[in-house]
Amino acid sequence: MRKSELTITPVATSKNARQVHRRIALNCIRLHTPISRAELARVSGLHRSAVAAVVDKLIEEGWVSEGAVNDQARNGKPPLLSLDVERAGILAVELRPEITTVGLAGVDARYVEQTSWPTPQTPEAFVRRLARTVAAMRRAHPRVVCEGMGISLPGRVDHDGRLVFAPNLRWRDVNLSPLIETACGLPVVLENAANACALGEFWFGRHPEGIRHMVAITVSEGIGVGLLINGELLHGGQAMAGEFGHVTLDEDGPPCPCGKRGCWERYASNSAAVQHYVHGPSSEAGGGIPRFEDLLRFAAHGDGRARQSLERMARYLGFGLANMATALAPDLIVVIGEVTAAWDRLGPIVLDSMQRQSLPHMTTRVVATDAAAQPRLRGAVSLVLQRHFGTPHVA
Ligand SMILES: [Zn+2]
């Protein structure tokens, strides 16, 4: 068995040392479950007394249970430790401009309960609604110990939990973290949705070993880009790294909610495809503005103009992916969004356009995620996991 698979920063204080021991123990229990205390000491390299202290605390907090697995049949052998996926709960929130989804999940990202509601217009109304939902979920599942809340959102959040850039959400800069923590009574981790998706893919995706550099692209109202470089999320100054969606392709292009014109997301996002469909050169669209899902349906039923708008979007997606592959050379690019539902038709256009714009040495693989896995919500689960377990290597 390998020893702990963690990125560990050097420690100077005993508090940090305890935190590191805790992470090592949690990861070893996760990777080698079920495991005895003696075996945990051997695998983790931790001293037995450190193991005893950390494990007792983890049991008390609800992360770990001891002795539940075939206890009767073990005939005097030591009891085994395992993660308590039924008891250790994580509140995961997927905040999107139109709709918010809240799920109560175990550490395996399986949901005990899930609900959705239209996203309120203001951050204050959002926080009130969230607090009500969280309180109701905790009442309904009293045995679950909530270890924290992860929120994936369409914007950038600085180190203090302040929303610094969320053009598609249309909320002003607001210090969301303390508002939510006070209202819900739980520690909260806020993160850009694309970053959360990248982390979720790292935790739960099935990829070959050795992936260290990953880009996650959320394609929806806008385009978000999450960067995992050397196994760590890249935030950059003011937490603004990854705004490829607002890289200018044409300074005279269509206006963007960020205040500029001709940003990449104005060509390659869902709303770009819808806008092209509605205002296209041969447009005869009457009635209301269709949703992106309508466009996918129209195209599947032979609407040539819907197909053209989607193919244009796919070509522009491919351009952007090529630029990212050229600039960053990630091992993997993961695409998240409604567009993946039509990947059998649009994927080849994306990849062909990417190929044509890439350098010959490009080895970046592109994978479309399965929407059924709810990548943004799963990403929110992984935000809390990362707090407790550290960043895992992809295995
Ligand atoms: Zn923009």
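View 1. Cys258 is partly exposed, because its relative accessible area is 25%; buried means under 20% relative accessible area, exposed over 50%, and partly exposed in between, with a 1.4 Å probe and protein chains only. This is a predicted model in which local features need pLDDT of at least 70 and side-chain atom pairs count only at pLDDT 80 or more, while totals for chains, interfaces and linings use all residues. Residues are numbered from 1 along each chain as its sequence is written, and side-chain values use heavy atoms, with hydrogens and water left out. Around the zinc ion you will find His246 (ND1), Cys256 (SG), Cys258 (SG) and Cys263 (SG), coordinating at 2.0 to 2.3 Å. Donors are N, O and S atoms within 2.8 Å of the metal (3.2 Å for Na, K and Ca); water is not among the atoms, so sites may look incomplete. Along the chain the donors of the zinc ion are spaced as H-x9-C-x1-C-x4-C. His246 and Cys258 are 12 residues apart, in the loop between β13 (232–233) and α7 (265–268). Helices (H or I, at least four residues) and strands (E, at least two) are DSSP runs, numbered from the N terminus. What arrangement do the 4 donor atoms around the zinc ion make? It is tetrahedral, because the donor atoms subtend angles of 105 to 119°; four donors count as tetrahedral if all angles lie between 85 and 135 degrees, four count as square planar and six as octahedral if opposite donors are over 155 degrees apart and all others between 65 and 115, and anything else is irregular. His246 counts as buried, at 10% relative accessibility.

View 2. Tyr267 lies in helix α7 and is buried, with a relative accessible area of 7%. Its C-alpha atom is separated by 8.6 Å from that of Pro254, 13 residues apart along the chain. Ala239 sits in the loop between β13 and α7 and counts as buried at 5% relative accessibility. Phi of Ala239 is near 60°, a positive value in a residue other than glycine.

View 3. Rings of Phe, Tyr and Trp (its six-membered ring) pair if their centres lie within 6.5 Å; planes under 30 degrees apart count as stacked, over 60 as edge-to-face and the rest as tilted. By this rule the count comes to 8 aromatic pairs. One of them is the tilted pair of Phe126 and Trp171, at 5.5 Å centre to centre and 55° between the planes. Phe126 lies in helix α4 (residues 123–140) and Trp171 in the loop between β8 (162–165) and β9 (174–175), so the pair ties together parts that are 45 residues apart in sequence. Both Phe126 and Trp171 are buried. Trp203 and Phe389 form an edge-to-face pair, with 5.6 Å centre to centre and 80° between the planes. This pair links distant parts of the chain: Trp203 in helix α6 (residues 193–204) and Phe389 in helix α12 (residues 375–389), 186 residues apart. Ring pairs link Trp63, Trp203, Phe204 and Phe389 into a cluster.

View 4. Over 4 bridges, strand β14 (residues 332–337) pairs with strand β15 (residues 365–368) in the parallel sense; two strands pair if DSSP finds at least two bridges between them. Opposite Val334 stands Val367 in β15. Together with helix α11 (residues 343–357), β14 and β15 make a right-handed β-α-β unit. A crossover is right-handed if, with the strands pointing away from the viewer, the path from the first strand over the helix to the second runs clockwise.

**View 5. The open sheet β7-β8-β9.** Here 3 strands form an open sheet in the order β7-β8-β9, with antiparallel pairing. The edge strands are β7 (156–157) and β9, each pairing on one side only. Between β7 and β8 there are 2 bridges, and the bridge partner of Arg156 in β8 is Phe165.

View 6. Most residues other than glycine have a negative phi, and most peptide bonds are trans. Thr33 and Pro34 are joined by a cis peptide bond, with omega about -10°. Pro34 is placed in the loop between α1 (14–31) and α2 (37–44). Ala109 has a positive phi, near 60°, and lies in the loop between β4 (99–106) and β5 (111–118).
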